[in-house]
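This report is for a reader who is new to the structure shown below. Please look over the sequence and the 3D view before reading on.

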Amino acid sequence: MSAKNLQLDENGKLQHFLSIEGLNQQIITEILDTAESFTSVADRVIKKVPILRGKTVANLFFEPSTRTRSTFELAEQRLSADILSLNVDTSATTKGESLLDTIHNLEAMQIDMFVIRHKDSGSAHFFAQHVRPGVSVLNAGDGQHEHPTQAMLDLYTIRHHKQDFTRLKIAIVGDIMHSRVARSQIHALNLLNTAEVRVIAPKTLLPVDTESLGVQLYDDLERGLRDVDVVIMLRLQKERMSSALLPSENEYFNQFGLTQERLDRANPDAIVMHPGPANRGVEIESSVMDGNQSVILQQVGFGISVRMAVMSIIVGRTGLQVSE
Amino acid sequence: MTILIKNGLLIDPVGASESKSDVFIDGNLVVGIGKPPAGFKPQQTIDAKGYWVIPGLVDGQARLREPGQTHKANIASESAAAVKNGITSLCIPPDTQPVIDNTAVVDLIHHRNAKAGNQCHIYTIGALSQALEGEHLCNMASLKANGTIAFSNAGRPFINNLVQRRAMEYAAGVDMLVIIHPRDSDLYADGCVHESAVSTRLGLPAIPEAAETAALAKDIELVAQTGARTHFGQLSCARSVDMIRQAKANGLPITADCAMHQLFLTDHDIGEFDTNKLTMPPLRSQYDKQALRDGVADGTIDSICSDHQPHEIDAKLRPFPSAEPGISAFDTLLPLAIRLVEENILSIPAVIAKLSINPARILGLPAGQIAPGELADIVIVDPDAHWYCEGKNFASRGKNTAFEGWDFNGRVKQTLVAGQIVY
């Protein structure tokens, strides 16, 4: 069974949201357009639409998360879903229950939609293969594989500021190797025919054959940032130093940290993004993070509408005309 | 009991020939080929017309899961599956639970095999170090006296190169074969797939070739230093094949094998996280697969093993990195061998040699050929029997095949072990 097809039903409609890879431009655009229609919900006095009324969504976070989890929960609440949120890292699986049994037990509680984050690459596909027909799975990050809703909100943010992807040069800077966000972003940007996707990183943070994902490689930040329209910084985790991938945070900042001086190599209207959580002074200088080119906090807000859009499309109800 | 096998195509891996010859069996031995010995009267006649008559296959590495993991399989289930698939001798690596590092475990295995009816010859490979912990040597001479045929650390690391050197020297001192699965555990790290565009795309922790080749280079040097007769098991990389070829050319006392599945599958077959393709060492690239095939064809790789690893269904029903590695391989060993013939990699006698006389000679087993005076371990194969591979129909208790949905030619019709018809 191909998991690429697993996401789509026989009519090409989205039934799970597991990876950007395997989707098409039409679905990506539909998600972005739908998300746009939802941004107005946030401005209403009553921030709710009844699209998921009567549906139960389980948020299963086998790994810790702050913003992904809270924006998913807010998105579900605004769609009027009933919500069950589990910190599974401290529950049944540590008592020896298999992941499959966890799925089946939750299914017995008549869950309609699972949002799952798990340390293993491929875990969202695994869930989707084993849930009952009609139950949907949304990937909130699987290992180092994909984090597709994050990529969608990044795309949404870029489109909000830049419109036409076919004319954009976009640089992704940092730990590509361990980043599920970067993989999803690269697939998504390529699906929208982005003019150029650059990846800027030290050799030890690049997986082999990174070019095969459809990117240009740069090992020099200043050269890589030249003429770009969008700079996406990735988080650098401290364990990269202890596992001998990098010598020190300071050396990394000196080589790959985003400073205003370096950002000035990019186009003057370039925007700066970060999926969070950011390490100030490691991958990004505080003044850039808080500067007027930064759209980092906007990304978080857009995360709610994008996740609302994905869930609505999956249940086949995207219209806002339904009102209380 | 006297048995005549008539009208079959006798495959002789030793003489690298095939001929229409009858085989005469008396008791546990072959007593004649072609024409009957004087006064031979068959009590039973097997008509093998249209079939191959081949020596029983010798599998240099198969895990039967007993002792220790009998929820996966056991000696009775897997020896029955082996003979049903033409395997009449098999070698158990030492990583059972408890480890084969003392004679009691060896006795237990033989006792269980006897209880299962001794359908298949089972040989034990002893641990090079106690509990496979790589620190203290095992009682190798005692294990040898108890019938253990070789020593291996089952791919587990030694605490340092000095202990490995001593273990190899000691084994050589008691005139025993050392089996090494070259593996640098640091470079393996938490990897589960070959390092390539596939691991990059799937975001899976990757295993570079150097995890095998860096260890192999060191291991070859220790063979050169100690002179220990050494067999390298389950090679997976093109560069390993080159290194073995060179080391053999330098006259070192080494031999090598690869697992059958490495000759057919690559990392691309993992598709979208197919846990049945999770193996250790991992499925490598097309280039590596071709190099292994070349090595098999030119003799650099002496033998092919099943690397049989039956699992309970739950072991594979997990996200890819958490699933257990290994393939249930008895049921596909012979049909894949026939496919090597169909794909013009090897002749019929040559592929049978890789699965019989070659491993038997390397491991010092009384098996691998059909000749007067030899044990009558004989398999009758219908090479044209066409079948569709479905794990659920396997003889092995492990249904975890990596070849689900493949079309195969070749099925075992009958198997004799020491002159007894066991299947």
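The sections below go through cavities, a pocket, a helix pair and an aromatic pair in this predicted model.

## Cavities

The count of cavities of 30 Å³ or more comes to four. The largest cavity holds about 110 Å³ of space. Its lining is made up of 15 residues, and the closest to the centre are B:Gly60, B:Gln61, B:His231, B:Asp257 and B:Leu363. Two elements of chain B give two or more residues to this lining: strand E17 (303-305) and helix H12 (357-363). By class, the lining of the largest cavity has seven nonpolar residues, seven polar residues and one charged residue.

The second largest cavity has a volume of about 80 Å³. Its lining includes B:Arg63, B:Leu64, B:Arg65, B:Pro67 and B:Gln69. Also in the lining of the second largest cavity are B:Ile92, B:Pro93, B:Asp95, B:Thr96 and B:Gln97. These lining residues divide into four nonpolar, three polar and three charged.

## The second largest pocket

For the second largest pocket, the volume is about 810 Å³. This pocket is lined by 35 residues, of which B:Asp274, B:Thr275, B:Asn276, B:Lys316 and B:Leu317 are the closest to its centre. The lining of the second largest pocket has 12 nonpolar, 12 polar and 11 charged residues.

## Helices H8 and H9 of chain B

Two packed helices are described by the angle between their axes and the distance between the axes. In chain B, the axes of helix H8 (residues 238-249) and helix H9 (residues 286-298) come within 8 Å and cross at roughly 30°. Angles under 35 degrees count as roughly parallel, and H8(B) and H9(B) are therefore roughly parallel to each other.

Which residues of H8(B) meet H9(B)? They are B:Ala238, B:Val241 and B:Arg245. The contact of H8(B) with H9(B) has five nonpolar residues, one polar residue and four charged residues.

## Aromatic pairs

Over all chains, a search of the whole structure finds nine aromatic pairs. One of the pairs is formed by B:Phe24 and B:Phe40. The arrangement of B:Phe24 and B:Phe40 is edge-to-face, with 5.2 Å centre to centre and 80° between the planes.

This pair links distant parts of the chain, with B:Phe24 and B:Phe40 lying 16 residues apart. B:Phe24 is in strand E4 (residues 23-26) of chain B, while B:Phe40 is in the loop between strand E5 (29-33) and strand E6 (44-47) of chain B.

Note on methods:
Residues are numbered from 1 along each chain as its sequence is written. Chains are lettered from A and ligands numbered from 1 in the order in which they are written. This is a predicted model: local features need pLDDT of at least 70, side-chain atom pairs count only at pLDDT 80 or more; totals for chains, interfaces and linings use all residues. Side-chain values use heavy atoms; hydrogens and water are left out. On a 1 Å grid over the protein atoms alone, a cavity is a set of points where a 1.4 Å probe fits but cannot get out, and a pocket is an open set with protein on both sides within 12 Å along at least five of seven lines; lining residues have an atom within 4 Å of a point. Grid points are joined across faces, edges and corners, and a volume is the space filled by probe spheres set on the points. Helices (H or I, at least four residues) and strands (E, at least two) are DSSP runs, numbered from the N terminus. Ala, Val, Leu, Ile, Met, Phe, Trp, Tyr, Cys and Pro count as nonpolar, Asp, Glu, Lys and Arg as charged, and the others, Gly among them, as polar. Axes are lines fitted to C-alpha atoms, for helices over the stretch in contact, and angles run from 0 to 180 degrees between N-to-C directions. Angles under 35 degrees count as roughly parallel, over 145 as roughly antiparallel, 65 to 115 as roughly perpendicular and the rest as oblique. Contact means heavy atoms within 4.5 Å. Rings of Phe, Tyr and Trp (its six-membered ring) pair if their centres lie within 6.5 Å; planes under 30 degrees apart count as stacked, over 60 as edge-to-face and the rest as tilted.
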